[in-house]
Amino acid sequence: MRKQIIVSKEEAVFWMDKNGNWNNEHGKFEHPKIIKYFNSSIKKDEKGYYVHQVSDEVEEKVYFHYEDTALFVVDIKEKEGMIFVLNNNDTVEFDSEQLFVKDDNLYFQTPEHMVKFTPRALLKISKFMEEKNGQLSFVINGKIHHVE
């Protein structure tokens, strides 16, 4: 049986800022492989978001602070519709009813997560955006989807 290590938010030595960047006492993480590893390890349970790591002997959960949200749309794939790729490698299908704007940032809400769009994802989705009289909409396959 694996030993289980659980680290609380208060004990964690890293955190995520409002732009999805990982940080510790020395500043922002810079190494792409470490960033990718941390992002792909994000999970959620009833206590919140944590970074999950498993080896032969140990299972580790490190709960972490985040400034806005722990999940971000980092890429958009156009297939039959639109697929959002998240920083933890999960994918979510486009659903305009889940989209909303808060403090000039685009988000979507699922039953489990609030997810923010990164600048790169916004750039990719911008070709589908329209704004008329302050109303943001997406035009996909000729259909207009309004954002509340």
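Predicted model: local features only at pLDDT ≥ 70, side-chain atom pairs only at ≥ 80, totals over all residues.
**Exercise 1. Classify His145 as buried or exposed, and list its surroundings.**

Step 1. Take the accessibility. His145 has 14% relative accessibility, so His145 counts as buried. The cut-offs are under 20% relative accessible area for buried, over 50% for exposed, and partly exposed in between, with a 1.4 Å probe and protein chains only.

Step 2. Residues are numbered from 1 along each chain as its sequence is written, and side-chain values use heavy atoms, with hydrogens and water left out.

Step 3. His145 sits in strand β17 (residues 143-146). Strands (E, at least two residues) and helices (H or I, at least four) are DSSP runs, numbered from the N terminus.

Step 4. Find polar partners. The side chains of His145 and Ser96 make a polar contact of 3.4 Å. Such a contact is a pair of N or O atoms within 3.5 Å; within protein, one must be able to donate a hydrogen and the other to accept it, and residues adjacent in sequence count only if both atoms are side-chain atoms.

Step 5. List the other contacts (heavy atoms within 4.5 Å). With neighbours within four places in sequence set aside, His145 touches Phe94, Ser96, Leu136, Ser137, Phe138 and Ile140.

**Exercise 2. Give the strand order of the open sheet of four strands, and name the strands at its edges.**

Step 1. The order is β4-β3-β2-β8, with mixed pairing. Two strands pair if DSSP finds at least two bridges between them.

Step 2. β4 (27-28) and β8 (65-66) stand at the edges; each has a single partner strand, so one side of each lacks a neighbour in the sheet.

Step 3. Check one pair. β2 (residues 14-16) and β8 run parallel and are joined by two bridges. Met16 stands opposite Tyr66 in β8.

**Exercise 3. Repeat for the open sheet of six strands.**

Step 1. Write the order: β11-β10-β9-β14-β13-β12, again mixed.

Step 2. β11 (91-93) and β12 (99-102) are the edge strands, each with a single partner, so one side of each has no neighbour in the sheet.

Step 3. Check one pair. β9 (residues 71-79) and β10 (residues 81-86) run antiparallel, joined by six bridges. Lys79 faces Gly81 in β10.

**Exercise 4. Which elements each supply at least two residues to the lining of the largest pocket?**

Step 1. Read the lining. It includes Asn19, Trp22, Lys28, Phe29, Ile35, Asn39, Phe72 and Val74.

Step 2. Assign elements. α1 (32-40) and β9 each supply at least two of the lining residues.

**Exercise 5. State the box that the C-alpha atoms fill and the share of buried residues.**

Step 1. Along the principal axes, the box is roughly 55 × 30 × 30 Å.

Step 2. Of the 148 residues in the protein, 41% are buried.

Note on methods:
1 Å grid on protein atoms, 1.4 Å probe; cavity = no way out; pocket = protein on both sides within 12 Å on 5 of 7 lines; lining within 4 Å.
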